[in-house]
Amino acid sequence: NTKTHKSQNFGNHFMTMNKTSVFVPFFILFFFGSRRVVTAGDQNALAASFVFGDSLVDAGNNNYLQTLSRANSPPNGIDFKPSRGNPTGRFTNGRTIADIVGEKLGQPNYAVPYLAPNANGEALLNGVNYASGGGGILNATGSVFVNRLGMDIQVDYFSITRKQFDKLLGEDKARDYIKKSLFSIVIGSNDFLNNYLVPFVAAQARLTQTPEAFVEDMISHLRDQLKRLYALDARKFVVGNVAPIGCIPYQKSINQLKDKQCVDLANKLALQYNARLKDLLMVELKDSLKDAHFVYANVYDLVMDLIVNYKEYGFKTSSEACCGTGGRLAGILPCGPTSSLCTDRSKHVFWDPYHPSEAANLIIADKLLNGDSKYVTPFNLLHLRDL
């Protein structure tokens, strides 16, 4: 089966650590195939949306893998209306940021997960989601789990989809269609949390590779991955940077931090990578791939703003997850049927110890769609769609 033979070993669990070491299951931001109505005559509707990344954007691919990283049990998806509150494999209570962005850009359907049985024929024309909880830029990332799709494999799978578009539309129309489509990449956190910073597993690697060298390794691989997509006719890219992974509820819980404290090392690594990513997109690739458009999504500052100023956005807490907050293992175990659940999901920035709630995703998506250069550079996603 071409859809499953390349899945990598990957899992979804955790270890104790001190305040300068981190590890988290599957942190990081898109779709499932469910129909919704779009107003007729929308001239600016998006052609298709192709989504690459990890659990922040996984819309169900991991349901089809033998993996510990799954969100296919209640109460995940409890507020996802197309499934009537049943879990779809999304790592949140409702829509992901990508679901919301797709809706606002005029998509008639959510992009179908690549591994889903219905990912064929005309269903592909809305786009395809290749994201996988636990996946990373580097192939070794997430090996502590059982299976996951890393970025290299996700691009391999897009190359298969690209050939299917030629058969569906003819080569000329397919090329134009792909060039008008949106390519969203939300990946990188797991390369730190489930690779470089994993206690014991990566200890030897850290002795021989500095953080600077590790970040350069990530950038080198991502550069090649983006160029591969460009060679397959991708032209409109939005690439998210790494969020403040040291501030998620899991980190606060495992390190016994106070509400306003974060794990410094994780955030410093994220900022180091983010600076290099911005340079890659805004300078290097902009100059070398002149007919492509690269948008840098500043997820770090977006999420940090929600965490610090949560009250201004109407939230009651940014340090406690809605699902999985009770008991001796508070903030550690993933959300599942035995987890405790908050009474008002709209008042929590985080759905579980690792992932934002739908309420937070709505705010983040709006700023990516309509925001200024503080959060999305050189222009927002509405502008990118219309180019």
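## A tour of the disulfides, cores and one tyrosine

Search the whole structure and three disulfides turn up; a disulfide here is a pair of cysteine sulfur atoms within 2.5 Å. Before you start clicking: this is a predicted model, where local features need pLDDT of at least 70, side-chain atom pairs count only at pLDDT 80 or more, and totals for chains, interfaces and linings use all residues. Residues are numbered from 1 along each chain as its sequence is written, and side-chain values use heavy atoms, leaving out hydrogens and water.

**Stop 1: Cys-247 and Cys-262**

Select Cys-247 and Cys-262, and show their side chains. The two sulfur atoms sit 2.1 Å apart and form a disulfide. Cys-247 lies in the loop between strand S5 (236-240) and helix H7 (249-254), while Cys-262 is in the loop between H7 and helix H8 (264-288), so this pair ties together parts that are 15 residues apart in sequence. (Helices, H or I with at least four residues, and strands, E with at least two, are DSSP runs numbered from the N terminus.) Look along the S-S bond: the angle about it is 110°, which makes the link of Cys-247 and Cys-262 right-handed.

Buried or exposed: what is Cys-247? Its relative accessibility is 0%, so Cys-247 counts as buried. Cys-262, at 22%, counts as partly exposed. The cut-offs are under 20% relative accessible area for buried, over 50% for exposed, and partly exposed in between (1.4 Å probe, protein chains only).

**Stop 2**

Next, pick Cys-322 and Cys-342, which a disulfide joins at 2.1 Å from S to S. Both cysteines are in the loop between helix H9 (299-308) and helix H10 (358-370), 20 residues apart.

The link of Cys-323 and Cys-335 is right-handed, with 80° about the S-S bond, and both residues are buried.

How does the pairing read if you number the bonded cysteines in sequence order? It goes 1-2, 3-6, 4-5.

**Stop 3: the nonpolar cores**

In soluble globular proteins, nonpolar side chains tend to be buried together. A nonpolar core means a set of buried Ala, Val, Leu, Ile, Met, Phe, Trp, Tyr and Cys residues joined through side-chain atoms within 4.5 Å. Select Phe-50, Ile-185, Phe-192, Leu-226, Phe-237 and Tyr-273: of the 59 residues in the largest core, these touch the most other members. H8 gives the most to this core, with nine residues.

Zoom in on Tyr-273. Leaving aside residues up to four places away in sequence, Tyr-273 touches several others, including Ile-137, Phe-192, Met-218 and Val-242; contact means heavy atoms within 4.5 Å. Then hop over to a second, separate core of 34 residues, which includes Ile-248, Val-295, Leu-302 and Val-349.

**Stop 4: Tyr-230**

Finish in helix H6 (residues 211-231), where you'll find Tyr-230. Which residue's side chain makes a polar contact with the side chain of Tyr-230? Select Asp-291: the distance is 2.5 Å. A polar contact is a pair of N or O atoms within 3.5 Å; within protein, one must be able to donate a hydrogen and the other to accept it, and residues adjacent in sequence count only if both atoms are side-chain atoms. Tyr-230 and Asp-291 are 61 residues apart along the chain, with their C-alpha atoms separated by 9.9 Å.
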